[in-house]
Amino acid sequence: MPELPEVETIVRDLARMLPGARIDRVEVLRPDLIEEEPADAFARALEGREIGSVTRRAKNIVIDLAGDGLLLVNLGMTGRLMVTDPADEPPLHTGVRMHLRDGRELRYHDVRRFGRLWRSTREAWEKWEGELGVEPLSDGFTVAHLRDLAARSRVEVKTWLMDQRRVVGVGNIYASEALFRARIDPRKPADALTDAELGRLRKGVQDVLREAIDFRGTTFLDYRDASGERGEFALRLKVYDREGQPCTVCGDPVRRIVQAGRATFFCPCCQPRGRARKAAAPRKKPRPKG
DNA sequence: AACGCGCCCTGTCCGC
DNA sequence: TGCGGACAGGGCGCGT
């Protein structure tokens with residue numbers, strides 16, 4: 001489910017709710033969600049720990065255990081991490097229940113179980129996250145950096161943008177949305193992007209992520225924030241899941257293609273191929289019917 | 001080294 | 001109404 005805006009929304013909520021809480025007892029209902037074996041060792045190791053800070057790196061939730069290492073959570077496609085009342089009957093697909101000393105429960109729920117929870121030392125984590133790409137909302141996300149990355153890859157830009165070793169946090173929804181805003185054909189090879197296009201891409205990525213955070217994320221299927229609420233950004237999507245519907249800018253039908261096995265949505269009129277952007281940028285054009 | 005692909009899993013929807 | 005197949009927001013490991 002979750003791309004950067006959804007994870008960021010959850011993290012901001014948890015960062016208000018969790019610091020200072022102590023983990024009393026951990027129940028692992030779905031051991032395959034836990035990296036560590038046996039999962040029981042993972043559960044016992046968390047018991048008694050105090051939660052320090054909650055932060056985000058890429059699409060990972062980083063829970064600092066106040067000097068006792070880190071608890072990391074990747075939500076995969078359908079993961080949810082939320083604070084609940086333990087009296088609430090855990091629904092089917094509840095994977096981990098962390099009972100807090102103050103009476104609340106930190107609950108992990110995941111229908112498809114693509115998500116993972118694991119422990120790490122700060123040193124091991126820093127080494128691991130060093131392999132990840134640049135944070136798109138950080139100062140390091142510059143046109144110069146994008147140019148360096150793009151010059152070394154002939155992969156189609158949409159696929160390129162989703163690779164977490166280059167730029168983190170952009171998944172299948174926001175990749176299509178960012179390229180629409182940047183007016184770049186998603187099939188264009190990364191190393192064919194001009195500086196002007198990279199500049200628009202940088203802005204497109206940042207704008208769409210910031211706006212989605214403002215709306216607490218996009219709820220497509222399963223996403224819920226840390227309180228179990230839906231995000232509100234879905235209505236603001238311009239191309240994602242809008243195949244055949246009119247482009248909000250030019251009225252032409254939105255197209256769906258498949259790249260690297262994932263659906264891509266774009267407007268062939270507003271995101272023209274090649275450098276065929278001779279005249280002014282595509283604007284509303286009267287469209288002939290038929 | 002870089003890249004494409006299949007796969008992990010369950011639920012939903014669509015066409016027949 | 002039922003059933004098979006396609007597809008769903010991520011990421012890893014494999015083979016080329």
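Trainee: What makes the meeting of arginine 154 and a phosphate oxygen of DNA strand B a polar contact?
Mentor: A backbone N or O atom of arginine 154 lies 3.3 Å from that phosphate oxygen. A polar contact is a pair of N or O atoms within 3.5 Å; within protein, one must be able to donate a hydrogen and the other to accept it, and residues adjacent in sequence count only if both atoms are side-chain atoms. The pair at 3.3 Å therefore qualifies. Some ground rules follow. This is a predicted model: local features need pLDDT of at least 70, side-chain atom pairs count only at pLDDT 80 or more, and totals for chains, interfaces and linings use all residues. Residues are numbered from 1 along each chain as its sequence is written, chains are lettered from A and ligands numbered from 1 in the order in which they are written, and side-chain values use heavy atoms, without hydrogens and water.

Trainee: Which residues surround DNA strand B?
Mentor: The residues are Leu92, His93, Val111, Arg112, Arg113, Phe114, Ser153, Arg154, Val155 and Arg166. Each is near the strand, with a heavy atom within 4 Å of it. Of the DNA atoms that come within 4 Å of the protein, sugar and phosphate account for 66%.

Trainee: How do you know the classes of the residues near DNA strand B?
Mentor: Ala, Val, Leu, Ile, Met, Phe, Trp, Tyr, Cys and Pro count as nonpolar, Asp, Glu, Lys and Arg as charged, and the others, Gly among them, as polar. That gives 4 nonpolar, 2 polar and 4 charged residues.

Trainee: Why is the pair of arginine 216 and aspartate 13 called a salt bridge?
Mentor: The closest N and O atoms are 2.5 Å apart. A salt bridge needs a side-chain nitrogen of Lys or Arg within 4 Å of a carboxyl oxygen of Asp or Glu, so the pair passes. Arginine 216 lies in the loop between helix H7 (195-214) and strand E9 (255-259), and aspartate 13 lies in helix H1, so the pair ties together parts 203 residues apart in sequence. The whole structure has 28 salt bridges.

Trainee: What makes E3 and E4 paired strands?
Mentor: Helices (H or I, at least four residues) and strands (E, at least two) are DSSP runs, numbered from the N terminus. Two strands pair if DSSP finds at least two bridges between them. Strand E3 (residues 60-64) and strand E4 (residues 70-74) run antiparallel and share 5 bridges, so they pair. Valine 62 has leucine 72 in E4 as its bridge partner.

Trainee: Why are E2 and E8 edge strands?
Mentor: The open sheet of 4 strands runs E2-E3-E4-E8, with antiparallel pairing. Strand E2 (54-57) and strand E8 (116-120) each have a single partner strand, so one side of each is left without a neighbour in the sheet.

Trainee: What makes E5 and E7 partners?
Mentor: E5 and strand E7 (residues 105-110) are antiparallel over 6 bridges. At least two are needed, so the strands pair. Valine 83 has leucine 106 in E7 as its bridge partner.

Trainee: Which residues does glutamine 164 touch?
Mentor: Leaving out residues up to four places away in sequence, glutamine 164 touches Ala58, Lys59, Leu132, Gly133, Gly169 and Val170. Contact here means heavy atoms within 4.5 Å. A polar atom of the glutamine 164 side chain lies 2.9 Å from the backbone nitrogen of glycine 169.
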